[in-house]
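Please open the structure in your viewer and keep the selection tool at hand.

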Amino acid sequence: MRLLTYQSDDGLKLGIKTGRGILDVAAAAAAGVKRPIRPDAVYARGNAVLSRLGELAAATDDPAHLHNEDDLILGPAVPNPGKILCVGLNYQKHAAETGATPPAEPVLFSKFNNAIAAPNEDIPIQADWTQVDYESELGVVIGGAARNVSVDDALAYVFGYCNMNDLSERRLQMLSGQWLLGKTLDKFLPLGPYVVTADEIPDPQNLTVKGWLNGEPRQDSNTADMIFTVAEVIAYASKVMTLEPGDVISTGTPEGVIMGMDPKVWMKPGDEYIVEVEGLGKLVNRMVEA
């Protein structure tokens with residue numbers, strides 16, 4: 001199942017992509033079937049609502065409840081995550097291109113909700129942000145409260161997966177011992193267009209991860225190159241904090257980022273970056289002057 005959000009006069013609505021179009025979950029629910037209808041309500045309940053949403057999608061064929069996806073303005077696939085965790089240096093070849101020693105444990109850092117952006121949304125760049133870089137990443141949406149879970153059990157707590165672009169301003173990132181300033185700038189974490197439920201991604205460690213800058217291939221790898229698997233990252237994080245339904249994890253980027261190039265030609269207003277993780281659609285965003 002593929003979930004998305006889209007803009008309406010009533011705010012962001014939850015949609016389900018079907019063969020008949022995008023199902024307006026709120027409209028279908030108003031027809032007499034009690035269902036969680038707001039995106040935040042769905043993600044807050046996590047895996048508990050998956051079967052019921054599937055039933056709704058299969059049972060609804062009223063044309064009034066279906067939309068052409070091309071007519072919609074999409075919102076962030078997860079518009080209001082409770083926590084945003086990111087993993088640094090989590091691909092072997094990416095660590096090598098940056099000259100870093102592969103870490104012995106997952107390198108976790110955070111972004112805040114101000115960084116969330118939608119597919120096709122413009123990303124504002126201030127004039128003094130002169131080292132803007134892209135990072136194609138597999139995103140994980142948590143579907144159940146996870147505390148002290150094992151690696152073997154960790155994937156059972158996944159609601160679904162999405163594309164993410166962990167945009168970074170490298171000068172700010174390296175300004176101090178903390179990466180936060182260069183990572184959580186406004187709109188610096190686009191995600192979407194869909195959250196694809198975990199049942200459609202049986203092996204998150206065998207997915208191609210690609211990225212294009214202005215149509216030029218820049219990143220082309222596979223999640224098999226991760227140093228720490230999705231399951232290992234979830235288990236590790238759950239040892240120190242409770243992961244809640246609706247939290248998201250950006251699992252690291254493969255090689256091909258600007259920081260690893262010589263010379264380094266950083267992104268600028270007018271540039272477009274496309275992220276495509278296998279099976280999750282394409283995430284497109286353009287840089288603009290702030």
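This is a predicted model: local features need pLDDT of at least 70, side-chain atom pairs count only at pLDDT 80 or more; totals for chains, interfaces and linings use all residues.

**Stop 1**

Begin with the salt bridges, of which a search of the whole structure finds twelve. Select aspartate 24 and lysine 13, whose closest N and O atoms are 2.9 Å apart in a salt bridge. Aspartate 24 belongs to strand 3 (residues 21-24) and lysine 13 to strand 2 (residues 13-18), so this pair ties together parts eleven residues apart in sequence. Are the two residues buried or exposed? Aspartate 24 counts as buried, at 4% relative accessibility, and lysine 13 is buried as well, with a relative accessible area of 17%.

**Stop 1: a pair between two loops**

Next, select glutamate 121 and lysine 187, whose side chains form a salt bridge with an N to O distance of 3.1 Å. This pair links distant parts of the chain, 66 residues apart: glutamate 121 sits in the loop between strand 7 (116-117) and strand 8 (122-125), and lysine 187 in the loop between helix 7 (180-183) and strand 13 (189-190). Glutamate 121 is partly exposed, with a relative accessible area of 24%; lysine 187 is partly exposed too, with 27%.

**Stop 2**

Now select lysine 183 and aspartate 166, which meet in a salt bridge at 2.9 Å, N to O. Lysine 183 is in helix 7, while aspartate 166 is in the loop between strand 11 (158-165) and strand 12 (168-169), so parts 17 residues apart in sequence are tied together. Both lysine 183 and aspartate 166 are buried.

**Stop 3: two cysteines**

Select cysteine 86 and cysteine 162. How many disulfides does a search of the whole structure find? The search finds zero. The closest cysteine sulfur to that of cysteine 86 is in cysteine 162, 11 Å away, which is too far for a bond. Cysteine 86 is buried, with a relative accessible area of 0%, and cysteine 162 likewise counts as buried at 0%.

**Stop 5**

Switch to a cartoon view and select five strands, which form an open sheet in the order 8-19-18-15-16 with mixed pairing. Strand 8 and strand 16 (216-222) stand at the edges with a single partner strand each, so one side of each has no neighbour in the sheet. On average, neighbouring strands of this sheet are turned by 20 degrees against each other, direction ignored. Look then at strand 18 (residues 272-277) and strand 19 (residues 283-289): they run antiparallel and are joined by four bridges. Select tyrosine 273 to find its bridge partner in strand 19, asparagine 285.

**Stop 6**

Finally, select Ile234, Ile249 and Met267. Of the 53 residues in the largest nonpolar core, these three touch the most other members. Helix 8 (residues 230-238) supplies the largest share of this core, six residues. Which residues are in contact with isoleucine 249, leaving aside its neighbours within four places in sequence? Among them are Leu85, Val87, Leu138, Met164, Val233, Ile234 and Leu243. A second, separate core has 29 residues, including Leu66, Met164, Val195 and Val248.

Terms used. Residues are numbered from 1 along each chain as its sequence is written. Side-chain values use heavy atoms; hydrogens and water are left out. A salt bridge is a side-chain nitrogen of Lys or Arg within 4 Å of a carboxyl oxygen of Asp or Glu. Buried means under 20% relative accessible area, exposed over 50%, partly exposed in between (1.4 Å probe, protein chains only). A disulfide is a pair of cysteine sulfur atoms within 2.5 Å. Two strands pair if DSSP finds at least two bridges between them. Axes are lines fitted to C-alpha atoms, for helices over the stretch in contact, and angles run from 0 to 180 degrees between N-to-C directions. A nonpolar core is a set of buried Ala, Val, Leu, Ile, Met, Phe, Trp, Tyr and Cys residues joined through side-chain atoms within 4.5 Å. Contact means heavy atoms within 4.5 Å.
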